[in-house]
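Subject: Handing over the structure

Dear colleague,

I am passing this structure on to you, and my notes on it follow below. Please open the sequence and the structure side by side before you read on.

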Amino acid sequence: MEDAAGSILASLGRVRLVDLTACEGLPTDNYKICVSTLMQSLAQYSAAIIQLPPTEGALLRSGLDSARLFFHQRGYNSSEAVHLDDAREWCKTSGYYVDHQMWLEMFDYRPGVTVIEPNCAMELPPSGLPDIFAVLGKVSRDILDAISFSLNLRSCAFTDILDSIPLRSQEVSSSVLSACCHSRPSFEGARQHSIASQDDGQLLIFTDQDQQMDKTLLTLVRSDRSGLYVKDMHGHWILVDGDLGPNDVVVYPGLALYHETAGYVNPAVYKTEVGNLQGCMFGRCSLVFKLMPRSVARLSGSEMRAAGHGVDAQFQVPIPVNDFMQTDQLFPKDTEPSSHAEQDSEKKASYCHQLLLPYVELLI
């Protein structure tokens, strides 16, 4: 918790899930410190690190091993299962896909969908995905509760826009868990370009779509190799998964959370390095959980208004989630936070620090 004591975090905030999980009754000092550390990290870096319990960390590592073997054993066909990014199909993806522009193969696991290959055969997925989905789904909801607490919202403020737990009969999950593989050596015909960026004298190579934002509430990522970069509040790219412990996952906010919080939580702008995998026979494997609002919900910012927060005009008109997922113009100019948004982030970081100081003093 030393990072939490400074006015500027020296690195991404790192909190233990067990300390971030809300309990009945008055919040403990440790809970307040963890929430403040989380929010300060999101304000400054648009990302944070969550340390899972050892058993759940072991499950993720096992899932990565299974995903690595799944892609390694699978033959690659350049015309197979191309991912077309059809926004109308956002809540229906499942099974194996290829994104040539990003040197990416993925297997989407979505509860409520049975994956069938074109030849009508059942596809054998990487093992452990249902258990990992359940773990990361719970983790992401705990993080949302912490964000609700920091914004002075009622507990479970986001429940109305999330899937039911458990899903009702015949329902399909809006959220999705993807086993991903970047730059597998047998992946042929994919396109790439490089950008000259000196990092210890090495040339970094990124995917064609080298700046992205997710339309999620939250995205949780665990990879077997570092390479995930997120843009901080000053516009600098920082490596967010370069110093992960065995039980750590990276979390960053998406556009849906940005809209539901009326702009108080900025979405992460990120990119993935794929040019540092020479001699790696498996590529870069990762597990990516995307917590999505349910398809029939509306993003309205109503909870923010109820809590007394100022809500700008652009957030006052409710938008159906399906329309939101099919709309491109979702963020201020040039898909970057405006200078006003950056100043807002600085104020939020300062505010989090002011909240944090009394509790840090208790620990000294």
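**A loop between H4 and E5**

Gln170 is found in the loop between H4 and E5. Please keep in mind throughout that this is a predicted model. Gln170 counts as exposed because its relative accessible area is 77%, where over 50% is needed, and its phi is near 75°, a positive value in a residue other than glycine.

Two further residues of this loop deserve a look. Pro166 also has its place in the loop between H4 and E5, and a cis peptide bond joins Ile165 to Pro166, with omega at about -10°. Ser173 is likewise placed in the loop between H4 and strand E5, which covers 176-182, but Ser173 counts as buried because its relative accessible area is 3%, and buried means under 20%. A polar atom of the Ser173 side chain lies 2.8 Å from the backbone oxygen of Ser175. If residues up to four places away in sequence are not counted, Ser173 touches Cys91, Arg110, Pro111, Phe133, Asp163 and Leu167.

Eight strands form an open sheet with mixed pairing, and their order is E1-E2-E11-E8-E13-E5-E4-E3. The edge strands of this sheet are E1 and strand E3 (95-99), each of which pairs on one side only, and the twist averages 25° from one strand to the next.

At the E1 end, strand E1 (residues 14-16) pairs with strand E2 (residues 48-51) in the parallel sense over 3 bridges. Within this pairing, Val15 has Ile50 of E2 as its bridge partner, while the bridge partner of Arg16 in E2 is Gln51. E2 is also joined to strand E11 (residues 248-253), by 4 bridges, and these two strands run antiparallel; here Ile50 has Val249 of E11 as its bridge partner.

Strand E13 (residues 284-291) of this sheet contains Arg284, which counts as buried because its relative accessibility is 3%, under the 20% limit. The side chain of Arg284 makes a polar contact with the side chain of Asp241, at 3.0 Å.

A further open sheet consists of 3 strands in the order E10-E9-E12, with antiparallel pairing. Its edge strands, each pairing on one side only, are strand E10 (237-239) and strand E12 (270-272), and the twist averages 30° from one strand to the next. Strand E9 (residues 228-231) runs antiparallel to E12 and is joined to E12 by 3 bridges, and Tyr229 has Lys271 of E12 as its bridge partner.

Helix H3 (residues 54-73) has 20 residues, and from its first C-alpha to its last it reaches 29 Å, close to the 28 Å expected at 1.5 Å a residue. H3 lies across E3, strand E4 (104-109), E5, strand E8 (218-223), E11 and E13, and runs at about 120° to E13. The buried residues of H3 include Leu60, Leu64, Ala67, Phe70 and Phe71, and Arg68 is also among them.

The largest nonpolar core has 66 residues, and those with the most contacts inside it are Leu20, Leu38, Ile50, Leu136, Ile143, Leu144 and Ile147. Helix H4 (residues 129-150) provides the largest share of this core, 10 residues. A second, separate core has 19 residues, including Ala47, Met106, Val230 and Val250.

Which residues does Leu20 contact, leaving aside its neighbours within four places in sequence? They are Val15, Tyr31, Cys34, Val35, Leu38, Ile50, Asp142, Ile143 and Ala146.

Ser46 lies in the loop between helix H2 (29-45) and E2 and has a positive phi of about 60° although it is not a glycine. Ser46 is classed as buried because its relative accessible area is 8%, under the 20% limit.

Pro267 has its place in the loop between helix H5 (255-260) and E12, and it is classed as buried because its relative accessible area is 3%, again under 20%. The C-alpha atoms of Pro267 and Met213 are separated by 6.9 Å, although these residues are 54 residues apart along the chain.

With best wishes

Terms used. Residues are numbered from 1 along each chain as its sequence is written. This is a predicted model: local features need pLDDT of at least 70, side-chain atom pairs count only at pLDDT 80 or more; totals for chains, interfaces and linings use all residues. Side-chain values use heavy atoms; hydrogens and water are left out. Two strands pair if DSSP finds at least two bridges between them. Axes are lines fitted to C-alpha atoms, for helices over the stretch in contact, and angles run from 0 to 180 degrees between N-to-C directions. The expected span of a helix is 1.5 Å times one less than its number of residues. Buried means under 20% relative accessible area, exposed over 50%, partly exposed in between (1.4 Å probe, protein chains only). A nonpolar core is a set of buried Ala, Val, Leu, Ile, Met, Phe, Trp, Tyr and Cys residues joined through side-chain atoms within 4.5 Å. Contact means heavy atoms within 4.5 Å. A polar contact is a pair of N or O atoms within 3.5 Å; within protein, one must be able to donate a hydrogen and the other to accept it, and residues adjacent in sequence count only if both atoms are side-chain atoms.
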